[in-house]
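Student: I would like to go through the terms used for this model and see what each one rests on.
Tutor: Ask about them one at a time.

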Amino acid sequence: MSRIRSKDTKPEMAVRKYLFAHGFRYRLHDKKLPGKPDIVLRKYKAAIFVHGCFWHSHESCRYAVTPKSNVEYWANKISGNVSRDRAAGEKLQNLGWKGIVLWECELRKLNFEFVMDRLIKQLRKNN
Ligand SMILES: [Zn+2]
């Protein structure tokens, strides 16, 4: 776990596959947009981030637990991620983009279809 943002994680792949199967076309890890979103749907001006609950401190989530050793190290690292996420979200909004966060825990098997269905509705809402 040396990298802060791991690319091509399992939940991210599942989201990509689902969107593709539903006719959405996207770019990946677009460096030109704030926060380098995981999935970019230009047509919908939507930037999707698939966040690991631990790394991005998902609020009141059981997977967002700070390890018991090196507490300060982890706390700093994670709060850095959180403020970067927030800044990226604001910048995207200022550019007229929708920043959408999907949490890893929400994408677990039981919720996956529900979350994706909600995402697609959200994407289509303003288009
Ligand atoms: Zn979570």
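Student: What makes the arrangement of the 4 donor atoms around the zinc ion tetrahedral?
Tutor: This is a predicted model, and the angles are computed from it. The 4 donor atoms subtend angles of 99 to 116° at the zinc ion. Four donors count as tetrahedral if all angles lie between 85 and 135 degrees, so the arrangement is tetrahedral.

Student: Which atoms coordinate the zinc ion?
Tutor: Cys53 (SG), His58 (ND1), Cys61 (SG) and Cys105 (SG), at 2.0 to 2.4 Å. The cut-off for a donor here is 2.8 Å. Along the chain the donors follow the spacing C-x4-H-x2-C-x43-C.

Student: Why is Cys61 called buried?
Tutor: Buried means under 20% relative accessible area. Cys61 has 13%, so the term applies. Cys53, with 4%, is buried as well.

Student: How do you know that Leu102 counts as buried?
Tutor: Its relative accessibility is 2%, and the limit is 20%. Leu102 lies in strand S4 (residues 98-103) and touches residues including Ile48, Val50, Val115 and Leu119.

Student: Why does S4 stand at an edge of the sheet?
Tutor: The open sheet has the order S1-S2-S3-S4, with mixed pairing. S4, like strand S1 (27-28), has a single partner strand, so one side of each is left without a neighbour in the sheet.

Student: How many bridges pair S3 and S4?
Tutor: Strand S3 (residues 46-51) and S4 pair in the parallel sense over 6 bridges; two are enough for pairing. Ile48 has Ile100 of S4 as its bridge partner. Helix H3 (residues 109-125) packs on the sheet, touching S2, S3 and S4.

Notes
Residues are numbered from 1 along each chain as its sequence is written. This is a predicted model: local features need pLDDT of at least 70, side-chain atom pairs count only at pLDDT 80 or more; totals for chains, interfaces and linings use all residues. Side-chain values use heavy atoms; hydrogens and water are left out. Helices (H or I, at least four residues) and strands (E, at least two) are DSSP runs, numbered from the N terminus. Buried means under 20% relative accessible area, exposed over 50%, partly exposed in between (1.4 Å probe, protein chains only). Contact means heavy atoms within 4.5 Å. Donors are N, O and S atoms within 2.8 Å of the metal (3.2 Å for Na, K and Ca); water is not among the atoms, so sites may look incomplete. Four donors count as tetrahedral if all angles lie between 85 and 135 degrees; four count as square planar and six as octahedral if opposite donors are over 155 degrees apart and all others between 65 and 115; anything else is irregular. Axes are lines fitted to C-alpha atoms, for helices over the stretch in contact, and angles run from 0 to 180 degrees between N-to-C directions. Lists of a residue's contacts leave out its neighbours within four places in sequence.
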